[in-house]
Amino acid sequence: NGAGVILDLSGAVVGFMTNKFNTDLNSGLFTCYSIGGVRDLLEDMAMQKKRPYLGIYGGAVQPEMTAALGVGSGIYISRVITDSPAFLAGLERGDIITEIDGELISDFTGLQSALRSAGAGGTVQIRIVRTTRTTDNEMKLDVTLGSRN
C-alpha cells in the first residue's frame, strides 16, 4: 500500500497516485489522477453537483493493440460494473468505446469530458467495437448516465 505525488521536470505537482487495494488481483496496480481531474471533482463536490456515472473500468487502447483490434483509438473496457448504466445498456468486457455523441474518444480525459457535457441523468450515444465477435462488431448504444455525489 502506498501513495505519492507526480511531478513534472520543474518540480510542479501535476497529479498523484495510489496502489492501495485490498485484493491480490490488484496488487502492483497503480491508479493515477491528474490535478485537472481532481480540481473538477472538488469543484463539483463543493457545489454539491451530481457527477455523471457510466460504470466501467478500462484504459486507452495502446498503439500495439490498434492493428490487432482493428481500431484507431478508444477506451478498452476491462470491466463493467453490474447494474451500472453501462451494464444496463449492454456494454461488455472487451468492448472498445470509439465515440460518444459523434466525438472521437481516445483517452479517459475525453471520455470524462463527454460524460460531463451530457451530465448526470443525460443520455449519450456510444459507438463501440465489440472485440468478442468476428462479424457485426461495430454498434451504437444509447446509455442513460447515472449519478454520483
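Where in the chain is confidence lowest, and where is it highest? I looked this up before anything else. Mean confidence is lowest in β3, at 72, and highest in α3, at 96. The score is pLDDT, the predictor's confidence in each residue, from 0 to 100. The chain averages 83, and 87% of the residues score at least 70.

Ground rules, noted once. This is a predicted model, in which local features need pLDDT of at least 70 and side-chain atom pairs count only at pLDDT 80 or more, while totals for chains, interfaces and linings use all residues. Residues are numbered from 1 along each chain as its sequence is written, and side-chain values use heavy atoms, with hydrogens and water left out.

**Entry 1: whole chain**

I listed four helices and 11 strands. Both are DSSP runs numbered from the N terminus (helices: H or I, at least four residues; strands: E, at least two). Of the 149 residues, 30% count as buried. I use buried for under 20% relative accessible area, exposed for over 50%, and partly exposed in between (1.4 Å probe, protein chains only).

**Entry 2**

I found an open sheet of three strands in the order β1-β2-β3, paired antiparallel. Because β1 (3-7) and β3 (31-34) each have a single partner strand, they stand at the edges, and one side of each is left without a neighbour in the sheet. The twist averages 25° from one strand to the next; the angle is taken between N-to-C directions, from 0 to 180 degrees, with axes fitted to C-alpha atoms. Strands count as paired if DSSP finds at least two bridges between them. β1 and β2 (residues 13-18) have five, in the antiparallel sense. Across this pair, Gly 4 stands opposite Met 17 in β2.

**Entry 3: β9 and β10**

I counted seven bridges between β9 (residues 123-130) and β10, again antiparallel. Ile 126 has Leu 141 of β10 as its bridge partner. Leu 141 belongs to the covered face of β10 (residues 138-144), together with Met 139 and Val 143. The uncovered face holds Glu 138, Lys 140, Asp 142 and Thr 144.

I looked up Ile 97, which is in β7 (residues 95-100). Ile 97 is buried, at a relative accessible area of 0%. Beyond its neighbours within four places in sequence, its contacts include Leu 54, Ile 75, Leu 111 and Ile 126. Its C-alpha atom is separated by 9.6 Å from that of Asp 107, 10 residues away along the chain.

**Entry 4: Ser 84**

I placed Ser 84 in the loop between β6 (75-80) and α3 (85-89). Is Ser 84 buried or exposed? Ser 84 counts as buried, because its relative accessibility is 1%. Apart from neighbours within four places in sequence, Ser 84 is in contact with Tyr 53, Leu 54 and Gly 55.

Note on methods. Contact = heavy atoms within 4.5 Å.
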